[in-house]
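Biologist: I'd like to learn how to read charged contacts in a model. Can you walk me through it?
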Amino acid sequence: MAVRMGFVIITSRCIDCDACMVACRAENDVPLGNKRNWVKSSGVQGQFPNVKEIFQPGNCMHCEHPPCVKVCPTGASQKRVDGIVIVENSKCIGCKYCIVACPYDARFPNPVTGKADKCTFCWQRLEQGLEPACVQTCLGKSRQAGDLNDPNSIVSKLIAKYPTRQLLKQVGTGPNIYYIDEAVPEIPQGE
Amino acid sequence: MELTWGLMIVIYLFTAGLSAGAMVTSNFAFLYGGQEFERVSRFGAYISPFPISLGLGVLLLDLGSPFNFYRLFLTLQVRSPMSYGSWAILFFTFLSVIYLYLWLPENYQVLGLRNPQTWKKRLAKFMPVLSVGVASYTGVLLNAAVRPLWTAPLLPVLFLVSALSTGVASVILIAALSPWQRARHRELHLLTKADAILIILECLIILTMIVMGRTNSLSVSSAFSNLLIGPFAWIFWLLIVGLGLIIPLALELMELKDKIPVKWALPVTISSSFLVLFGGFFVRFVITYAGQWSGWFN
Ligand code: SF4
Ligand code: SF4
């Protein structure tokens, strides 16, 4: 089956240290004031003493049906055969259409390059056999990435074992980040 | 929530509609109005190329990589409204300049086309198609960027009717302002009637959109709340509904019934047509801004 790169994010393992954001900025020269990935807080929920707060890390969902790619007038925004959604800078005119079209606000106009900018799945690292910078750096092992179509990948094993949810499924983008809220005591072995 | 698309895009959407509307007004006046509506066709032809050229210039300034803009015209991405829309607008602008040229007084037509009248007729028959495309494209453009407010299926229709209305109003305004060729009563009467009908149509479309939006999913209906009672309410009610629709409609209806004293006729014509343009601008403004303001709920 074709490769379908995606993420599994285990919210119960996120401690909001924001190391993923720092790692991404360092790896990808993301200008200060913009971000390719994030950690959102649910705010404090419930009544004292039963209170909880959920942290939900995120980045581009590398959607199955990405509206950002559909609307791009020059073909700069593309979905690669392995599912990774990228911007080919030389074709981008900076019209920002893709940025308004992304329901997850995962893109931003890069003030330095004048192009649309977003998570690239660190494909430059994948080519060297490394994980994306945010995944490698994640302290709680909350972030996992891999081929969702390969049953032996960590992400597939996690999805098989735990209930998952996707964000804004009703919008029809087919997001490729699967969230697990349950406690995951052990991360399975995988490729 | 910061805004990615700002005033430049609003101007672009507005001017594209205005040019298309003025073009259609000119074409119809020429094809069906005959000699009597000659000035209407002429004014429409003189207006048409300019707003859209301004819009294109402004759009270029808004690009992150303006020197890369030629990339737009190296390809046709059939799924991207901005791609086929840019081609349509390119052709429209080009043809509208030719159309204007054909309407110049004969001694200015230095290129010496053999039978300008035939060309004029041909263009006048073709341009309405292209104009409808250009005017409604601005709505399709927003449709494709899946935001709750912008998914409204009637958006292209709203922009189209608003475009025609602003187009007619611009011709009325220029006709009323031009000192040397004060348009005759009959011309103005018909244009005003057309504009009044368009305004009523626009009101009905807005009403339908609100009903459809409010009965839609939570995300969509709350996006419409932003318009109706939220941060954009004063723009919507005061600038669009009040100043842009109700007041000009009332003024136009009074003009049609000859309720306006003669010495007030000119200022009233000028202000009602100006208000239509004003309202048309804020329709684009509010949709562009409120559309980005509201996102999806999980
Ligand atoms: S999350 Fe946004 S930027 Fe990423 S693929 Fe989906 S629509 Fe495109
Ligand atoms: S900003 Fe660039 S990548 Fe985005 S739609 Fe425009 S040309 Fe395409």
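This is a predicted model: local features need pLDDT of at least 70, side-chain atom pairs count only at pLDDT 80 or more; totals for chains, interfaces and linings use all residues.

Biologist: How far apart in helix 2 of chain B are B:Arg42 and B:Glu38?

Modeller: They sit four residues apart in that helix, which spans residues 38–47, so about one helical turn separates B:Arg42 from B:Glu38. Their closest N and O atoms are 2.5 Å apart, in a salt bridge. B:Arg42 is buried at 19% relative accessible area, while B:Glu38 is partly exposed at 25%; the cut-off for buried is under 20%.

Biologist: Which parts of chain A does the pair A:Arg36 and A:Asp117 tie together?

Modeller: A:Arg36 is in the loop between helix 1 (19–28) and strand 2 (37–41), and A:Asp117 is in strand 9 (residues 116–117), so the bridge ties together parts 81 residues apart in sequence. The N to O distance is 2.7 Å. A:Arg36 is buried, with 10% relative accessible area, and A:Asp117 is buried too, with 9%.

Biologist: Are A:Asp181 and A:Arg165 buried or partly exposed?

Modeller: A:Asp181 counts as partly exposed at 36% relative accessibility, and A:Arg165 is partly exposed at 27%. Their side chains meet in a salt bridge, 2.6 Å from N to O. That pair links A:Asp181, in the segment after strand 11 (177–180), with A:Arg165, in the loop between helix 6 (154–161) and strand 11, 16 residues apart.

Conventions
Residues are numbered from 1 along each chain as its sequence is written. Chains are lettered from A and ligands numbered from 1 in the order in which they are written. Side-chain values use heavy atoms; hydrogens and water are left out. A salt bridge is a side-chain nitrogen of Lys or Arg within 4 Å of a carboxyl oxygen of Asp or Glu. Helices (H or I, at least four residues) and strands (E, at least two) are DSSP runs, numbered from the N terminus. Buried means under 20% relative accessible area, exposed over 50%, partly exposed in between (1.4 Å probe, protein chains only).
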